[in-house]
Amino acid sequence: MPDTDSQKLTHLNAAGQPAMVDVGLKAVTRRVARARSRVVLGADILALVQQGDLPTRKGPVFQTAILAGIMAAKKTADLIPLCHPLGLDDCQVTVTVAPPAAVVIECTATVTGKTGVEMEALTGASVAALTIYDMCKALSHDIVIQETRLLSKTGGKSDFQHVE
């Protein structure tokens with residue numbers, strides 16, 4: 001349980017109503033966040049993917065997921081109500097095979113600004129995972145999106161590094 005004196009929900013005002021965090025007085029710093037989503041496709045679909053990026057009528061799965069993740073990270077403030085709109089300096093999405101039955105998506109978002117990019121990295125990884133599901137669902141509805149999490153963040157008030 002958090003210590004209520006030092007930790008509190010930052011998106012609530014004194015009356016307990018939703019509020020955007022005022023970042024006006026914060027210092028501009030380089031901020032980087034990395035997030036991961038894991039998609040369990042199943043061994044049969046993964047075998048198709050391992051032969052090369054699985055082509056579908058919607059396009060190649062991994063390449064399309066990478067583009068979707070980058071686009072989503074850029075639109076995070078449109079999707080998450082209290083996120084500040086950010087002009088990202090960089091956003092990189094990777095998709096790697098994780099045998100025997102999964103792929104791992106990592107999204108790294110970078111900004112030079114007054115607020116962090118955790119939500120952008122998480123959104124990018126999540127939407128890339130959803131895109132893989134969408135493009136592979138014709139092959140199976142047993143696909144599972146799991147373990148979307150923040151891996152690291154730097155440049156803000158407190159850095160974070162997930163330990164496996």
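The side chains of Glu 106 and Arg 34 form a salt bridge, with N and O 3.1 Å apart; the term denotes a side-chain nitrogen of Lys or Arg within 4 Å of a carboxyl oxygen of Asp or Glu. Glu 106 belongs to strand E5 (residues 102-113) and Arg 34 to strand E1 (residues 29-40), so this pair ties together parts that lie 72 residues apart in sequence. Strands (E, at least two residues) and helices (H or I, at least four) are DSSP runs, numbered from the N terminus.

The model is predicted: local features need pLDDT of at least 70, side-chain atom pairs count only at pLDDT 80 or more, and totals for chains, interfaces and linings use all residues. Residues are numbered from 1 along each chain as its sequence is written, and side-chain values use heavy atoms, with hydrogens and water left out.

A search of the whole structure finds 6 salt bridges. Two further examples involve Arg 36. Its salt bridge with Glu 147 has its closest N and O atoms 3.4 Å apart. This pair links distant parts of the chain, Arg 36 being in strand E1 and Glu 147 in strand E6 (residues 144-154), 111 residues apart. Arg 36 also forms a salt bridge with Glu 164, where the closest N and O atoms are 3.0 Å apart. In this case Glu 164 lies in the segment after strand E7 (160-161), 128 residues from Arg 36. Through shared partners, Arg 36, Glu 147 and Glu 164 are joined into one network.

Attention now turns to the nonpolar interior. A nonpolar core is a set of buried Ala, Val, Leu, Ile, Met, Phe, Trp, Tyr and Cys residues joined through side-chain atoms within 4.5 Å. The largest such core has 30 residues, of which Val 39, Leu 41, Val 103, Ile 105, Ile 132 and Cys 136 touch the most other members. At least two residues of this core come from each of E1, helix H1 (43-50), helix H2 (61-74), strand E4 (90-98), E5 and helix H4 (118-136). H4 gives the most, with 8 residues.

Ile 132 illustrates these contacts (heavy atoms within 4.5 Å). Leaving aside residues up to four places away in sequence, Ile 132 touches Val 39, Leu 41, Val 61, Ala 65, Val 95, Val 103 and Ile 105.

Technical notes: Buried means under 20% relative accessible area, exposed over 50%, partly exposed in between (1.4 Å probe, protein chains only).
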